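Here is a model to read by its cut-offs. Each label below is set against the rule behind it.

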Amino acid sequence: MKVPLFATSKNVNYLPNVLSKLEAEEKGAFASFWVDDDGYVAEGPNVKVGFVTREKELIFHSFTRY
């Protein structure tokens, strides 16, 4: 997950995003996701996180965990 300073303040430092994407590509993936300490998907460096259910419904996570 992003260092708290990068996650809580507006900045133009995209280095964590670039490094995350490079690591994903080195491992054969095209994107990466950050998770928090509890294992919840937090965000992606260059993607919006969404899921398709078995019923073919597109859903996005809420901004709160509870």
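Q: What do buried, exposed and partly exposed stand for?
A: Buried means under 20% relative accessible area, exposed means over 50%, and partly exposed lies in between, with a 1.4 Å probe and protein chains only.

Q: Why is Lys21 called partly exposed?
A: Lys21 has 25% relative accessibility, so it counts as partly exposed.

Q: What kind of model is this, and how are its residues numbered?
A: This is a predicted model: local features need pLDDT of at least 70, side-chain atom pairs count only at pLDDT 80 or more, and totals for chains, interfaces and linings use all residues. Residues are numbered from 1 along each chain as its sequence is written, and side-chain values use heavy atoms, leaving out hydrogens and water.

Q: What makes a run of residues a helix or a strand?
A: Both are DSSP runs, numbered from the N terminus: a helix is H or I with at least four residues, a strand is E with at least two. The protein has two helices and four strands. Along the sequence the pattern is α-α-β-β-β-β.

Q: What makes the pair Glu25 and Lys21 a salt bridge?
A: A salt bridge needs a side-chain nitrogen of Lys or Arg within 4 Å of a carboxyl oxygen of Asp or Glu. The closest N and O atoms of Glu25 and Lys21 are 3.1 Å apart, so the pair qualifies. Side chains of opposite charge can pair when their charged atoms come close.

Q: Why are Glu25 and Lys21 separated by about one helical turn?
A: Because they are four residues apart in helix H2. Glu25 counts as partly exposed, because its relative accessibility is 41%.

Q: How many salt bridges does the structure hold?
A: The structure holds two. Lys27 forms one with Glu23, and their closest N and O atoms are 3.1 Å apart.

Q: Is Lys27 called buried or exposed, and why?
A: Lys27 has 66% relative accessibility, so it counts as exposed. Glu23 has 43%, so it counts as partly exposed.

Q: Why is Val49 called buried?
A: Its relative accessibility is 5%, so Val49 counts as buried. Val49 lies in the loop between strand E2 (41-43) and strand E3 (50-52).

Q: Which residues does Val49 touch, leaving out those up to four places away in sequence?
A: Val49 touches Phe33, Val41, Glu43, Gly44, Phe60 and His61. Contact here means heavy atoms within 4.5 Å.

Q: Why is Ser32 called buried?
A: Ser32 has 12% relative accessibility, so it counts as buried. Ser32 is in the loop between helix H2 (15-26) and strand E1 (34-35).

Q: What makes the Ser32 and Ser20 side chains a polar contact?
A: A polar contact is a pair of N or O atoms within 3.5 Å; within protein, one must be able to donate a hydrogen and the other to accept it, and residues adjacent in sequence count only if both atoms are side-chain atoms. The two side chains make such a contact at 2.5 Å.

Q: Why is Lys56 called exposed?
A: Lys56 has a relative accessible area of 75%, so it is exposed. Lys56 sits in the loop between E3 and strand E4 (58-60). Phi of Lys56 is near 65°, a positive value in a residue other than glycine.

Q: How much of the protein counts as buried?
A: Of its 66 residues, 17% count as buried.
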